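Here's a quick briefing to read with the structure open. Have a look at the fold, then come back for the notes.

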Amino acid sequence: MSRLIVQKYGGSSLADAERIRHVAGRIARDRREGADLVVVVSAMGDTTDHLTELAAAITDEPDPREMDSLLATGEHMSGTLVTMALHAQDIEAVSLTGPQAGIRTDTAHGRARIANIDPARMRREIERGRVVIVAGFQGSTAESYDTAEVTTLGRGGSDTTAVALAARLRADACEIYTDVEGIFTADPRVVTDAQLIPTIGYEEMLELAHQGAQVMQTRAVELGWVNGVTIRVRSTFSDHPGTSIEEVRAVELRDKVRAMALDRKVAKVTIVGVPDRPGIARSIFEPMADQGLNVDMIVQNVGHDGSTDMSFTVERTNVARTERLLQLLGKELGWSEVQTDPEVAKVSIVGEGIHNHPGYAAQMFGALADEGINISMISTSEIRITCIIAEDQLDTAAKAIHRTFRLQEPEQVEAGEGAAAV
């Protein structure tokens with residue numbers, strides 16, 4: 001019986017005709033070696049951004065239904081072009097939109113969640129000897145076929161599509177192809193001696209993705225973890241084996257900072273003079289949640305004279321909406337001022353060993369202090385420490401922290417032995 005592999009190719013891998021032909025060549029090689037293939041594709045290059053800009057030039061408030069119908073065309077176009085390129089190499093292939101592939105979602109346009117996948121059409125095509133090319137990032141509402149609407153899955157939706165299909169089809173492998181060779185200890189564009197990580201656990205990868213690492217999307221990692229799908233992150237442009245994201249039980253990964261994440265897309269919001277009384281936090285964050293405004297780090301100062309200050313972070317693109325909402329709420333709830341700072345960034349260290357080694361926090365803070373970098377907010381989990389700093393100091397901070405934890409040193413782990421603590 002042939003191995004079934006689900007592959008996903010990102011927009012940078014499909015940016016132009018030459019790259020599409022290159023991707024088709026990789027797919028053709030795997031097919032000729034006997035693998036059955038379901039291939040998920042993203043929109044070419046910056047197509048999604050261009051479509052979004054075009055809609056914004058038409059109207060300030062595009063209808064969510066029509067916006068999903070528009071954005072879904074990007075992946076559809078990629079799918080048909082990759083299929084044509086495979087036909088040119090004498091490979092049987094068929095392109096399917098998300099709905100044609102049986103992907104059913106809830107009704108939340110622009111951020112839909114996959115409710116179910118009917119794999120019947122894909123399996124029929126595989127049995128006919130075809131490579132199945134699926135448009136990622138999209139599905140249709142789980143209603144009757146004559147009333148179903150096209151939906152999109154939000155940022156990184158093609159990764160989510162690929163992992164969900166791998167789980168539903170019980171694929172032998174799920175390979176995410178991008179323009180880097182795998183998961184690195186830091187962004188190699190910032191830290192030039194960053195090292196590739198051969199294997200990383202789901203929990204560590206989920207923290208890295210949530211804190212700004214761009215290679216994988218959080219929902220895709222969650223799906224892989226819940227369904228036991230091993231995810232291999234590889235480069236479209238080399239044969240390097242890449243990084244395997246999987247359940248890691250080996251003790252050698254428990255006492256080490258594995259990697260760091262950088263995020264420039266955040267902003268800090270401070271509410272000054274918040275009345276210090278029970279229920280005030282709910283009165284702030286519940287309306288924000290209702291408006292789809294995600295809050296990350298939250299710090300509340302000790303109250304004095306019946307009031308306190310509260311700071312938190314939001315996505316930078318949501319600063320104006322957040323400020324408007326808080327100004328309105330302030331008239332009712334009685335705080336004195338709302339301050340925003342969009343010129344901040346997050347730097348995080350992640351590793352299974354952090355909760356066993358409290359000295360890691362002091363090392364991180366010391367590395368920043370030695371560079372004269374002030375920390376304005378701190379957040380932690382069992383396997384993560386995150387600091388908010390000035391954005392113009394992020395590169396310096398990243399290099400200093402990377403050196404402090406010796407992440408530039410290739411991992412030297414022998415079977416059955418633990419790595420030395422950093």
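This is a predicted model: local features need pLDDT of at least 70, side-chain atom pairs count only at pLDDT 80 or more; totals for chains, interfaces and linings use all residues.

- α8 covers residues 280-290, and its buried residues are I280, I284, F285 and M288.
- Looking down the axis of α8, those buried residues stay within an arc of 105°, so they line one face of the helix.
- Turned away from that buried side, α8 shows the exposed residues R282, A289 and D290.

**α8 against α9**
- The two axes come within 10 Å and cross at roughly 145°, and the crossing is right-handed.
- On the α8 side, I280, S283, I284, P287 and M288 make the contact, while α9 brings T322, L325, L326, L329 and L333.
- Sorted by class, that contact has 8 nonpolar residues, 2 polar ones and no charged ones.

**Nonpolar cores**
- The largest nonpolar core has 40 residues, and V38, M122, V134, L165, M205 and M216 have the most contacts inside it.
- Helix α5 (residues 157-169) is the top contributor to this core, giving 6 residues.
- Beyond its neighbours within four places in sequence, V38 touches L4, I5, V6, Q7, M122, I126, V132, V134, L165 and L169.
- There's also a second, separate core of 26 residues, with V257, A367, L394 and A398 among them.

Methods:
Residues are numbered from 1 along each chain as its sequence is written. Side-chain values use heavy atoms; hydrogens and water are left out. Buried means under 20% relative accessible area, exposed over 50%, partly exposed in between (1.4 Å probe, protein chains only). Helices (H or I, at least four residues) and strands (E, at least two) are DSSP runs, numbered from the N terminus. The arc is that of the directions from the helix axis to the C-beta atoms. Axes are lines fitted to C-alpha atoms, for helices over the stretch in contact, and angles run from 0 to 180 degrees between N-to-C directions. A crossing is left-handed if the near helix is turned anticlockwise from the far one by less than a right angle, and right-handed if clockwise. Contact means heavy atoms within 4.5 Å. Ala, Val, Leu, Ile, Met, Phe, Trp, Tyr, Cys and Pro count as nonpolar, Asp, Glu, Lys and Arg as charged, and the others, Gly among them, as polar. A nonpolar core is a set of buried Ala, Val, Leu, Ile, Met, Phe, Trp, Tyr and Cys residues joined through side-chain atoms within 4.5 Å.
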